[in-house]
Amino acid sequence: PAVNVDSLVQVYDAMEDYEEKIDASLTKCYLIRKASPDAAHQLLDQIKEWTLAAVDSNSLRRVVGTRALVYHAQGRFEEAIAFMEKCLQMSLNQEHLASILNSYFTLCMYHQSNGDYNAALQYGQLFLSSSLEQGIEKNYPEAYRKIGDIYEKLSNLDSAESNYLKGLTHA
């Protein structure tokens, strides 16, 4: 079924709570990204306008990251990577740790799915080193597993096994 973006914009525009409007509309974009990517892009354009008008760089960063997800769902990997790299830069500028880690991990996955294993490894290692530096133990198993997967794709089986084992010790 087609998504009527104008109706969605009217509903969200009528919401008085700005944060609620942004959260609800970004969630809708995420939910429709596969079935109606064009509508998701249209809605993201509107959300971008709201965030620019409110001078809200945090929500604008979220818009950029969500657009990357929509491009990825469309199989438009180069655009997905470009937008996620922009999201990462915004996250670094804002020193927003959760978004930085999410961007590293997402870029690792995007590059891996695009067959660029060296770039995937770079972002996977950034995700791991930042998680270790911050003591975010819940990220360790997934980081080591992801790095192990990449080493396996690069036919570096010793490094793959080493990372898999490290991941298991942190599970």
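In this predicted model, the largest pocket is lined by 14 residues, and those nearest its centre are G65, L69, M84, N102 and T106. A pocket here is an open set of points on a 1 Å grid over the protein atoms alone, with protein on both sides within 12 Å along at least five of seven lines, where a 1.4 Å probe fits, and lining residues have an atom within 4 Å of a point. Rolling a probe the size of a water molecule over the atoms shows where empty space is left. The elements that give two or more residues to the lining of the largest pocket are α4 (57-73), α5 (77-94) and α6 (97-113), and α6 supplies the largest share, 7 residues. Helices are DSSP runs (H or I, at least four residues), numbered from the N terminus. The volume of the largest pocket is about 230 Å³, where a volume is the space filled by probe spheres set on the grid points, which are joined across faces, edges and corners.

Because the model is predicted, local features need pLDDT of at least 70 and side-chain atom pairs count only at pLDDT 80 or more, whereas totals for chains, interfaces and linings use all residues. Residues are numbered from 1 along each chain as its sequence is written, and side-chain values use heavy atoms, with hydrogens and water left out.

L69, one of the residues nearest the centre of the largest pocket, is also, together with T66, in contact with Y30 when neighbours of Y30 within four places in sequence are left aside; contact means heavy atoms within 4.5 Å. Y30 belongs to helix α2 and is partly exposed, with a relative accessible area of 41%, on a scale where buried means under 20%, exposed over 50% and partly exposed in between (1.4 Å probe, protein chains only). Y30 and A40 are 10 residues apart along the chain, and their C-alpha atoms are separated by 7.6 Å.

A40 is among the buried residues of α3, which are P37, A39, A40, H41, L43, L44, Q46, I47, W50 and T51. An α-helix has 3.6 residues a turn, so residues three or four places apart point the same way. Helix α3 (residues 37-53) has 17 residues and spans 24 Å from its first C-alpha to its last, close to the 24 Å expected at 1.5 Å a residue, the expected span being 1.5 Å times one less than the number of residues. The cover over the buried residues of α3 includes α1 (5-13), α2 (18-32) and α4. Within α4 lies R67, a residue that counts as buried at 8% relative accessibility and that, leaving aside neighbours within four places in sequence, is in contact with H41, L44, D45 and F83.

After α3 comes V55, whose phi is positive, near 50°. V55 sits in the loop between α3 and α4 and is exposed, with a relative accessible area of 74%. A positive phi in a residue other than glycine is also found at S155, where phi is near 60°; S155 lies in the loop between α8 (140-153) and α9 (157-169) and counts as exposed at 60% relative accessibility.

Helix α7 (residues 117-134) has 18 residues and reaches 25 Å from its first C-alpha to its last, close to the 26 Å expected at 1.5 Å a residue. Its buried residues, A119, A120, L121, Y123, G124, F127, L128, S130 and S131, pack against α5, α6 and α8, and just after α7, G135 takes a positive phi of about 70°. L97, found in helix α6, is partly exposed at 32% relative accessibility. The C-alpha atoms of L97 and S130 are 8.9 Å apart, although 33 residues separate the two in sequence, and L97 touches Q134 and I136, not counting residues up to four places away in sequence.

Finally, the cysteines. A disulfide is a covalent bond between the sulfur atoms of two cysteines. With a disulfide taken as a pair of cysteine sulfur atoms within 2.5 Å, the count comes to 0 disulfides. C29 is in no disulfide, and the nearest cysteine sulfur, that of C87, is 14 Å away. C29 is buried, with a relative accessible area of 0%, and C87 counts as buried at 5%.
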